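Me: Could you walk me through the helices and the core of this model? I'd like the cut-offs spelled out as we go.

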Amino acid sequence: MKAVITVTGRDSEGIIAAVSTYCAEHHVNILDISQSVLSEFFAMIMLADIDKVSVPFAAFADGLAALGKARGLDIRAMHEDIFNTMHHI
């Protein structure tokens, strides 16, 4: 299974490192990543393989949100099933 992870907020050093380290610590593999800095604003979207995630997905997503809050960012993780359902016509 896969998850879509989004990160938005003011740019600062180490955002990608912090998110990718959190993923690695929970056995989540990053499959694809795209990021952009627009003026002082940072935006990133990641596609991650969550087949081996070490905690329930909700706990993983909550941990990412907490990481974001601590860094002044909005970090969200959405299971691919929900993402696909939301974007199905």
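**Helices and core**

Reply: Helix H2 (residues 57-71) has 15 residues and reaches 21 Å from its first C-alpha to its last, close to the 21 Å expected at 1.5 Å a residue; that expected span is 1.5 Å times one less than the number of residues. Helices (H or I, at least four residues) and strands (E, at least two) are DSSP runs, numbered from the N terminus. This is a predicted model, in which local features need pLDDT of at least 70, side-chain atom pairs count only at pLDDT 80 or more, and totals for chains, interfaces and linings use all residues. Residues are numbered from 1 along each chain as its sequence is written, and side-chain values use heavy atoms, with hydrogens and water left out.

Me: Which residues of H2 are buried?

Reply: They are Phe57, Phe60, Ala61, Leu64 and Gly68, where buried means under 20% relative accessible area, exposed over 50%, and partly exposed in between (1.4 Å probe, protein chains only). Seen down the axis of H2, these buried residues fall within an arc of 95°, so they line one face of the helix; the arc is that of the directions from the helix axis to the C-beta atoms.

Me: And what does the face turned away from the buried side of H2 carry?

Reply: That face carries the exposed residues Ala58, Asp62, Lys69 and Ala70. The buried residues of H2, for their part, pack against strand E1 (2-10), helix H1 (15-25) and strand E4 (73-79), with contact meaning heavy atoms within 4.5 Å.

Me: OK, over to H1: which residues are buried there?

Reply: In H1 the buried residues are Ile15, Ala18, Val19, Tyr22 and Cys23. They cover an arc of only 130° around the axis, which puts them on the same side of H1, and they pack against E1, strand E2 (29-38), strand E3 (41-49), H2 and E4.

Me: Which residues of the largest nonpolar core touch the most other members?

Reply: Of its 20 residues, those are Ile5, Val7, Val19, Phe57, Phe60, Leu64 and Ile75, and the elements that give two or more residues to this core are E1, H1, E3, H2 and E4. A nonpolar core here is a set of buried Ala, Val, Leu, Ile, Met, Phe, Trp, Tyr and Cys residues joined through side-chain atoms within 4.5 Å.
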